[in-house]
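Subject: Structure for your review

Dear colleague,

Please find the sequence and the structure below. A summary of the findings follows them.

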Amino acid sequence: MVPVPTRGHVRPPDADEVARSTEPLWWLLFAAGGTVAALVLPVHALLHLALALGLPGDAFAHAHVARLLAHPLARVYVTVVVGLALLHWAHRFRYALAEGLRLKASWVPIPLACYGAALLGITLAVVRLFFL
Amino acid sequence: MNAGTPRPYRRPPHFAWWWGHRAYTLFVARELTSIFVAATALVLLGFAWTAVQGPDAYAAYVAVMTRPAAAVFHAVALVAVVYHALTWWTLAPRAAAVRVDGRRLSPRAVLGGAYAAWAAASAVVAWLVLRGP
């Protein structure tokens, strides 16, 4: 009788298994991020380009931007847009690395790196905009 | 798992399996727009971050963001996020069945609503920024 290799129920789950079992959460955040990014990132990118080309005059003056951000809703807006956009990136990039570039079998815990980077960015944004 | 029967050998795909087929290459290009989604969000965060820090940090950040290389980056990012938005709105009516009074809205109506929301959100953001100090 050949011993059948077990799936290792006693072993703690690795990053890939944790990411798979929490998949609906990440997918939901990915979808929310894709929608928010499609709604507002084109106009932000356009404004960034306009600023670099010298178009909007004093629209990007510090006094104006700082006064916009003095309103808590503006800081909530930036945090939500940045946070969801990062989570959208993390989910897509995870699959681009794992399936697109065939790195699934590599030593890098890809889901951990992608979602971890997004969560780190969100944490930094929240601390900067609300607690400093 | 039956240890006795051999499984047929499946050759693992080449890491660039998506290159050279139009549909696959476009698919990967769309996946890669997510990099510019994140990058544009980080540029936006940079403005908020340094503006909260103070005028000096903000001025230094604006100086970096208005360099010629940054302008090229913003232009590429704009193309990428617009491509993301267009493909996202095209997919949304197929992925989400929006129902009103138990009847499913036509994909055309969902698409129209999405474009209207996109235009409205863009107008509000542009107005808030461009009305100036």
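At what angle do H2(A) and H4(B) pack, and how far apart are their axes? In this predicted model, H2(A) and H4(B) pack at an angle of about 40°, and their axes are 8 Å apart. Axes here are lines fitted to C-alpha atoms, for helices over the stretch in contact, and angles run from 0 to 180 degrees between N-to-C directions. H2(A) and H4(B) are therefore oblique to each other; angles under 35 degrees count as roughly parallel, over 145 as roughly antiparallel, 65 to 115 as roughly perpendicular and the rest as oblique. Helices (H or I, at least four residues) are DSSP runs, numbered from the N terminus.

Which residues meet there? A:Ala38, A:Leu39, A:Val40, A:Pro42, A:Val43, A:His44 and A:Leu47 in H2(A) meet residues of H4(B), among them B:Trp118, B:Ala121 and B:Val125. Two residues are in contact if their C-beta atoms, placed from the backbone, lie within 7 Å.

Some conventions apply throughout. Residues are numbered from 1 along each chain as its sequence is written, while chains are lettered from A and ligands numbered from 1 in the order in which they are written. As this is a predicted model, local features need pLDDT of at least 70 and side-chain atom pairs count only at pLDDT 80 or more, whereas totals for chains, interfaces and linings use all residues.

The contact between the chains takes 49 residues from chain A and 51 residues from chain B. On the side of chain B that touches chain A, H1(B) supplies the largest share, with 17 residues.

The largest nonpolar core has 59 residues, and A:Ala85, B:Ala41 and B:Val81 have the most contacts inside it. Such a core is a set of buried Ala, Val, Leu, Ile, Met, Phe, Trp, Tyr and Cys residues joined through C-beta atoms within 7 Å. A residue is buried if 20 or more other C-beta atoms, placed from the backbone, lie within 10 Å of its own, exposed if 12 or fewer, and partly exposed in between. H2(A) gives the most to this core, 14 residues. Domain 1 (18–91) and domain 2 (106–133) of chain B both contribute residues, so the core lies between them; the domain bounds come from an automatic or database domain assignment. Leaving aside its neighbours within four places in sequence, B:Ala41 is in contact with A:Leu41, A:Val81, A:Val82, A:Ala85 and A:Leu86.

Yours sincerely

Key. Helices (H or I, at least four residues) and strands (E, at least two) are DSSP runs, numbered from the N terminus.
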